[in-house]
Amino acid sequence: MTTRVAVIGVGAIATQHLISYQHNPQAELVAVCDIDRARAKARADEFGIPRATDVVEEVLADPGVDAVSICVPNLLHASIAEAALRAGKDVLVEKPMAVTVGEAEALVRATQETGQALQIGYVRRFAPNALVTKRFLDEGEFGDIYAARATIIRAAGNPGGWFGDIGVSGGGPLIDLGVHIIDLCWYLMGMPTAVSASGATFSALGARDNIQHLSRYRAASASRVNNVEDYATAQVRFEGGAVLDVDTSYSLHARNATSVKIHGDKGGAEIEPELLMITERHDTLLHIHPQIDSLGFDFTVGFANQIDHFLRICRREIPADATAEQGLEMARILTAIYESARIGAEVPITR
Ligand SMILES: NC(=O)c1ccc[n+]([C@@H]2O[C@H](COP(=O)([O-])OP(=O)(O)OC[C@H]3O[C@@H](n4cnc5c(N)ncnc54)[C@H](O)[C@@H]3O)[C@@H](O)[C@H]2O)c1
């Protein structure tokens with residue numbers, strides 16, 4: 001049984017959704033929707049999709065659409081996702097699921113009341129480096145994970161467009177990039193309950209649009225607004241005492257760097273930039289190098305796996321496993337970090 005899919009918002013990241021659906025025999029792309037009608041039409045032509053519209057409600061009212069990928073700016077995620085769930089569609093919503101805790105709570109209610117599936121686009125969970133780590137974790141190879149450390153530093157990587165406008169994005173690199181690596185660590189730590197966060201944010205350098213001879217990820221629509229943080233650094237504490245340290249930037253005097261590490265009482269792993277497992281046997285430290293096609297974060301394979309997984313959820317072969325409840329916990333964590341940065345003190349996470 002194929003799932004009939006519409007993609008809502010067909011800017012930059014929608015390309016990965018469209019390609020992955022197009023290559024998956026279990027999916028039929030039936031519609032694209034974008035507030036920019038010409039972009040919707042161009043995408044429909046590019047991917048041979050029968051229908052293009054600029055009206056989201058039209059897609060949601062269509063009984064010929066089973067599921068939607070939501071790839072619009074952050075602020076619109078929750079309202080479109082809730083409308084889609086209530087219209088009887090299954091939803092793959094790009095990260096972050098919601099900008100506020102209140103919106104995230106509404107999505108939890110919507111999934112409970114409709115029984116429809118909501119999956120968050122945490123693509124990093126689906127790349128082979130993470131899948132292998134998870135398998136080893138589940139087999140107990142690392143023991144209990146009590147610390148994790150995650151970094152995505154871009155020296156000059158503000159995508160521009162709505163990403164720089166806090167009213168549409170909800171924040172800068174923390175909510176955009178940090179959300180990916182916080183989730184990956186949190187998922188691998190066994191999704192512990194967050195109890196507090198301490199963070200700091202800085203806006204010292206701006207968007208660095210002056211930097212030349214350096215390509216960067218760009219949002220589809222240009223805008224010169226930039227009122228988000230350049231750099232965020234934080235520590236999140238969890239029930240049981242585990243901690244997660246994160247730092248992430250759009251602009252920083254630093255080398256570009258991505259790293260994700262987890263540390264357990266039996267072993268540890270560096271998932272990015274290249275998968276490496278670390279343990280001890282017979283009083284000797286061991287570095288274990290798995291032999292897999294890509295030790296780094298393979299975006300293309302991760303996306304194909306994520307879309308295939310979502311289609312299995314749509315066919316009810318498996319339940320959603322990056323759920324609205326998990327999106328709510330993320331909203332609590334991100335909100336607490338921003339609040340901590342604002343007041344300059346650790347913030348308890350209450351529920
Ligand atoms: N998973 C990842 O690795 C990844 C990477 C990049 C972006 N993202 C996420 O994907 C989302 C989109 O990011 P992007 O980089 O593609 O942005 P983008 O600006 O390139 O594209 C967004 C598209 O949404 C359209 N749009 C805006 N308002 C709309 C509305 N009301 N109805 C329909 N369409 C509307 C815009 O016209 C644009 O075409 C963001 O939430 C971002 O966080 C995820």
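The largest cavity holds about 40 Å³ of space. Here a cavity is a set of points on a 1 Å grid over the protein atoms alone where a 1.4 Å probe fits but cannot get out; grid points are joined across faces, edges and corners, and the volume is the space filled by probe spheres set on the points. The structure has one cavity of 30 Å³ or more. Its lining, meaning residues with an atom within 4 Å of a point, includes N158, G160, D209 and R224. By class, the lining has two nonpolar, five polar and two charged residues, with Gly counted as polar.

A word on the basis: this is a predicted model, where local features need pLDDT of at least 70 and side-chain atom pairs count only at pLDDT 80 or more, while totals for chains, interfaces and linings use all residues. Residues are numbered from 1 along each chain as its sequence is written, and side-chain values use heavy atoms, leaving out hydrogens and water.

Now for the ligand, which sits in the largest pocket. A pocket is an open set of grid points with protein on both sides within 12 Å along at least five of seven lines, and sitting in it takes more than half of the molecule's atoms within 2 Å of its grid points. Around the ligand are 26 residues (a heavy atom within 4 Å), of which D34, R39, N74, H77 and Y217 come nearest. This shell comprises 16 nonpolar, five polar and five charged residues.

Which atoms of Y217 and the ligand are 2.6 Å apart? They are a side-chain N or O atom of Y217 and an oxygen atom of the ligand, a polar contact (N or O atoms within 3.5 Å). The protein buries 92% of the 840 Å² that the ligand exposes when taken alone, by the Shrake-Rupley method with a 1.4 Å probe.

Definitions and conventions: A polar contact is a pair of N or O atoms within 3.5 Å; within protein, one must be able to donate a hydrogen and the other to accept it, and residues adjacent in sequence count only if both atoms are side-chain atoms.
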